[in-house]
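Visitor: I would like to learn how to read helix faces, helix packing and a nonpolar core. Please take me through them one at a time.

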Amino acid sequence: MNEASFSKDLVVLAADGTIQRTVQTLLEDRQDALGISALTVDIQTHRHHDSGCRSAPGEVINPLRNLYRKGMLIFDFHGSGETQRTAAQLEVDLEQQLQNAGWGHDRIAVVAIEPELEAWVFGASVSVLEGLVGWSQPQGISDWLELNGFITSGETKPNDPQAAFDGMLQMHRKRRSRKLFADLARTVSFSRCQDRAFQKFRATLQRWFPAE
């Protein structure tokens, strides 16, 4: 199919509403920071969330392959149920599976976030995190994370980012919400985020939709 035959640029299959809202904010509000051009995008969610994205992504995204130039699948590796492959290996296998189902070369990408979306939270600067949760503790965030066993001395990111983030929110009587993640996506500096999955997400978009 030629480029003119596609209705829109990109369809994203997200595991849940939180990832959906985060990605939507990034693609709509942070195009310049991502280094991409304006694009038309639709974001779907899988009824079986992370595990569905791993085991049956095609049921949602394959019927759309003739409508969109590109497709992307994004889910949390931790919740996917995968026990044999690494996140990177799983991405390669799913990309090959979807290519064979009709997407073809370099029209589909899979991003498995390790261990989950909250890993991107801790790529933000301390000041952004403090503002996000309304930080009011006498010690800094890093000291609090170490004191509560989420990191050890010298570490910067917790091994269980979801539990750490939830602990920070509970301490400040804030509820986890899609808006929180959208606010983070809207304000975070990408220069600090070295997360493998985020770097793949950004590099893929730059290759597909380079800034004009």
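This is a predicted model: local features need pLDDT of at least 70, side-chain atom pairs count only at pLDDT 80 or more; totals for chains, interfaces and linings use all residues.

Visitor: How do I read the faces of a helix?

Guide: An α-helix has 3.6 residues a turn, so residues three or four places apart point the same way. In α7 (residues 126–133), the buried residues are Val-128, Leu-129, Leu-132 and Val-133. Buried means under 20% relative accessible area, exposed over 50%, and partly exposed in between, with a 1.4 Å probe and protein chains only. Because these four cover an arc of only 115° around the axis, they lie on the same side of α7; the arc is taken from the directions from the helix axis to the C-beta atoms.

Visitor: Which residues are exposed on the other side of α7, and which helices do its buried residues pack against?

Guide: Ser-127 and Gly-131 are exposed there. The buried residues pack against α6 (118–121), α8 (141–147), α9 (161–171) and α10 (178–187), contact meaning heavy atoms within 4.5 Å.

Visitor: How is a pair of packed helices described?

Guide: By the angle between their axes and the distance between the axes. Axes are lines fitted to C-alpha atoms, for helices over the stretch in contact, with angles from 0 to 180 degrees between N-to-C directions. The axes of α1 (residues 17–29) and α10 come within 8 Å and cross at roughly 30°, so α1 is roughly parallel to α10. Angles under 35 degrees count as roughly parallel, over 145 as roughly antiparallel, 65 to 115 as roughly perpendicular and the rest as oblique. Among the contacting residues are Arg-21 and Leu-26 of α1 and Phe-181 and Ala-182 of α10.

Visitor: How do α1 and α11 cross?

Guide: The axes of α1 and α11 (residues 196–208) come within 13 Å and cross at roughly 40°, which makes α1 oblique to α11. Val-23, Leu-26 and Leu-27 of α1 meet Phe-198, Phe-201 and Leu-205 of α11.

Visitor: Which members of the largest nonpolar core touch the most others?

Guide: Met-72 and Phe-201, out of 65 residues. Such a core is a set of buried Ala, Val, Leu, Ile, Met, Phe, Trp, Tyr and Cys residues joined through side-chain atoms within 4.5 Å. Strand β4 (residues 108–113) gives the most to this core, with six residues.

Note on methods. Residues are numbered from 1 along each chain as its sequence is written. Side-chain values use heavy atoms; hydrogens and water are left out. Helices (H or I, at least four residues) and strands (E, at least two) are DSSP runs, numbered from the N terminus.
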